[in-house]
Structures are given as structure tokens and as C-alpha cells.
Amino acid sequence: MLSQNFMLEQDPLSLERIRSVLVRLEDTIIFDLIERAQFAHNPRMYVRDAFPELKELGFDGSWLDWFLKEIETFHAKARRYTSTHDDSHSPDEYPFTSDLPPPVLKPLDFPKILYPNDINVNASVLSFYTRTIVPRITRRATLALSASKRSNGIVGDDEYEDDGNYGSAATIDVEVLQAISKRVHYGKFVSESKFAADPAAFIPHILKPNRQALDALITKPEVERKLLLRLRKKASTYAQEFNPDGDAIAGSHVNGTAKIDVDGVVELYEHYIIPLTKEVEVDYLLHRLDGMTEEEIDRLAGNCA
């Protein structure tokens, strides 16, 4: 099995290895979404200053912002993150929060894989996840909550959306966000691998910035089509209930009984993850020649002996 361990992997830019990582991340994202779908929307978690308790602690932000800050602070101390300008930082980990503490341990001496860059689209990941994905995947739990509240005489606005499971829901939110972030930023590996294989094809569109041309060079419609088909099959399988023997229970994923909104998972990839990944890939390419001399670029393009 191809490894995500950069200290062991001999060719971290092989497309086979990159594909293996991305396929495994599909499983992680689907399972995390299934876990989040157990809880109601809880929109209060995503509203800045909605919790007076956090204001008393001196924190200015949402409940999820606070969760991310606290968790990533610990992860930073455990050497998960360093400055994005530090060549020794982990090439596939990107924090959502800033001003993180330095690691307790000395940084690992990772091999130099990617060209130096500071591309981080986590703000966009966080926005589309909280505004679009969470309401979609939690709809079933939210409706079940409202029915339960009505049976207890709670009606109107108070019957919807909030089940109070702020800790459990936010814990899963962080896991989903980190998995999606890793998946999206892995686009840098795709771009570097393809650029290294044929620099001359990319260099003219980098020197005279042409996003459309670069996008065309990295886009493989058939690969994307197969990805979405595979994703639907996986989500449909994981959305079922299984008996003690491990066999799927017939009909356990139809008529609104599935553990996850399969169409929602596919749309997450089709309309958000794939397009945002390609934005990262193109942005990375547009900065791929930063700091290089004309002679270095010519040599890379094969124009010099």
C-alpha cells in the first residue's frame, strides 16, 4: 500500500501515490459526514459572539472558531503545523487559525517536495462547509428534533435546528474540515507532479498568466466523472445499516432512512471540493516560477543546453 508518510515514501509526487491518498480521503470525509449527520444543524455554533461564555474568556469568534483555535493550538505544539514559510513544515497540513505556538519538538526534516508557497484556502473551506454542507447533511436530524420538540409542546422557532450537542458536533466539524482541507490542498501535489513531468507545457501560461490554459492542462474530465461515480457508490454503501454479520440490511438507505444524504456528498465534491482543488492547483502553478531567474526558467523549459 502506498504511504502518506513522507519520511518513508520514495516518490511522493507519483500520480499513483497521490491518487491513493485522495481515494482514502474520500472514505474519511464520507465517514466524518455520517457522524456529523447524527446531530442537528446547531447554527448557533457558527455565529460570532453567540456564546457569552467565550466572551468572558476573552475570545472573539464563533464556537467553532474557538474549537479550531484550541485544537490546532495543541496540534501545533505536537508538531503538526509550523509557519507556512518554513521549508520544513509538513507539506499537507494547513491550519484554519493563525498565531499558533511553536512545536515542543524539533521539526521533522521533511524532504523538499513542493515549491515554496503560502496558498491556504481554508477560509473558503470553512465558509462553504458551515453555510452549505452542514445544513444539508443535518436536515434529517434537524427534522427529527423538531418532531420530538413538538410532541413535548415546543413549537415555532424553538422547535428547530438546535439540540444542544455543541461539543460533539464541533468535534466532528473539526475532523471534517481538516480532511476536506487536506484533500483540497493536495491539489498542489497534483500540479507539482504534472509540472515536473512537462515544464515546457506550463511555463508560457505562467509567464503570461493564463488561468484558463493552466486549468485545461490539469483538468481530466473522465477522471472527474469516474471520481463522482466512485464517490456515489461508496456513499450509497456506507449510508446503509448492517446486521451483526456485516451484511447490508435491504432498504436501509432508501425513503429518507439513509445515514447520509448521498446526493449531498456527491454535490459537495462536484460543486465545492473539485472546483476549489483546481483553484489551488492553478494558483500554485501561477507562483511556480516565483524567484527564479530567466536563465533558470529557460533551463527548466529546455531552452538551454
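Q: Which hand does the crossing of α4 and α6 have?
A: In this predicted model, α4 and α6 make a right-handed crossing. The label applies because the near helix is turned clockwise from the far one by less than a right angle.

Q: How do you know how the axes of α4 and α6 are placed?
A: Two packed helices are described by the angle between their axes and the distance between the axes. Here the axes of α4 (residues 122-137) and α6 (residues 166-185) come within 10 Å, and they cross at roughly 130 degrees.

Q: Which residues of α4 and α6 meet?
A: On the α4 side they are Asn122, Val125, Leu126, Phe128, Tyr129 and Val134, and they meet Asp173, Val176, Leu177, Ile180, Ser181 and His185 of α6. Sorted by class, that contact has eight nonpolar, three polar and one charged residues.

Q: How many aromatic pairs does a search of the whole structure find?
A: Ten aromatic pairs turn up.

Q: Why is the pair of tryptophan 63 and tryptophan 66 called tilted?
A: The ring centres are 5.2 Å apart, and a pair needs them within 6.5 Å. The planes sit at 50 degrees; stacked requires under 30 and edge-to-face over 60, so the pair lands in the tilted class. Both tryptophans lie in helix α3 (residues 63-77), three residues apart, about one turn of the helix.

Q: What makes tryptophan 63 count as buried?
A: Its relative accessibility is 15%, and the buried label needs under 20%, so tryptophan 63 qualifies.

Q: What class does the pair of phenylalanine 195 and phenylalanine 202 fall into?
A: Tilted again: the rings are 6.0 Å centre to centre, with 50 degrees between the planes. That clears the 6.5 Å cut-off, and the angle is between the 30 and 60 limits.

Q: Are phenylalanine 195 and phenylalanine 202 buried or exposed?
A: Phenylalanine 195 has a relative accessible area of 1%, so it counts as buried. Phenylalanine 202, at 4%, is buried too.

Technical notes
Residues numbered from 1 in each chain as written. Predicted model: local features only at pLDDT ≥ 70, side-chain atom pairs only at ≥ 80, totals over all residues. Heavy atoms only, no water. Axes fitted to C-alpha atoms, helices over the stretch in contact; angles between N-to-C directions. Helix = DSSP H or I, 4+ residues; strand = E, 2+ residues; numbered from the N terminus. Contact = heavy atoms within 4.5 Å. Nonpolar A, V, L, I, M, F, W, Y, C, P; charged D, E, K, R; others polar. Buried < 20%, exposed > 50% of the residue type's maximum accessible area, 1.4 Å probe, protein only.
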